[in-house]
Amino acid sequence: QVQLVESGGGLVQAGGSLRLSCAASGRTDSPYGAAWFRQAPGKDYKFVAGITWSGGHTYYEDSVKGRFTISRDNAKNMVYLQMNSLKPEDTAVYYCAADRAYATFVVTSPTYASWGQGTQVTVSS
């Protein structure tokens, strides 16, 4: 599988924007699907957005549709999450996940084989 490292989190006011990045290394020569999950304090992992290897199919959790955009650059082994119009309820630790078994379809359950260490996103009101 691949190794993942997230970056780009931080503190932002409500209505602001952040761009999260996920750098993949290791077995990046094999196709893999990718997704972003988030975990608020005391809560379970929640699916945010997912993307297939080709980038041709994306899927979003309802509360982020129209505000968040997932994308990838396979030549750079990067996956991104552009977050606009942020709300205090978006506050969480955001995790990048990847799995070669999910290269051609998006999976919304936290069953991916590879996970990053997470990056904190805090949205103040």
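Trainee: Which residue stands opposite Gln 120 in β11?

Mentor: Val 93 stands opposite Gln 120. The model is predicted, so to speak of local features requires pLDDT of at least 70, side-chain atom pairs count only at pLDDT 80 or more, and totals for chains, interfaces and linings use all residues.

Mentor: Strand β2 (residues 10–13) pairs with β11 in the parallel sense over 4 bridges, and strand β9 (residues 92–99) pairs with β11 in the antiparallel sense over 3 bridges. Strands are DSSP runs of E with at least two residues, numbered from the N terminus, and two strands pair if DSSP finds at least two bridges between them.

Trainee: What is the bridge partner of Gly 10 in β11?

Mentor: Val 121 is the bridge partner of Gly 10.

Trainee: Which residues form the covered face of β11?

Mentor: Thr 119, Val 121 and Val 123 form the covered face, while Gln 120, Thr 122 and Ser 124 form the uncovered one.

Trainee: A change of topic: is Arg 38 buried or exposed?

Mentor: Arg 38 is buried, with a relative accessible area of 7%; buried means under 20%, exposed over 50%, and partly exposed in between, with a 1.4 Å probe and protein chains only. Arg 38 lies in strand β4 (residues 33–39).

Trainee: With which side chains does the side chain of Arg 38 make a polar contact?

Mentor: One is the side chain of Asp 90, at 2.9 Å, and another is the side chain of Tyr 94, at 2.8 Å. A polar contact is a pair of N or O atoms within 3.5 Å; within protein, one must be able to donate a hydrogen and the other to accept it, and residues adjacent in sequence count only if both atoms are side-chain atoms.

Note on methods. Residues are numbered from 1 along each chain as its sequence is written. Side-chain values use heavy atoms; hydrogens and water are left out.
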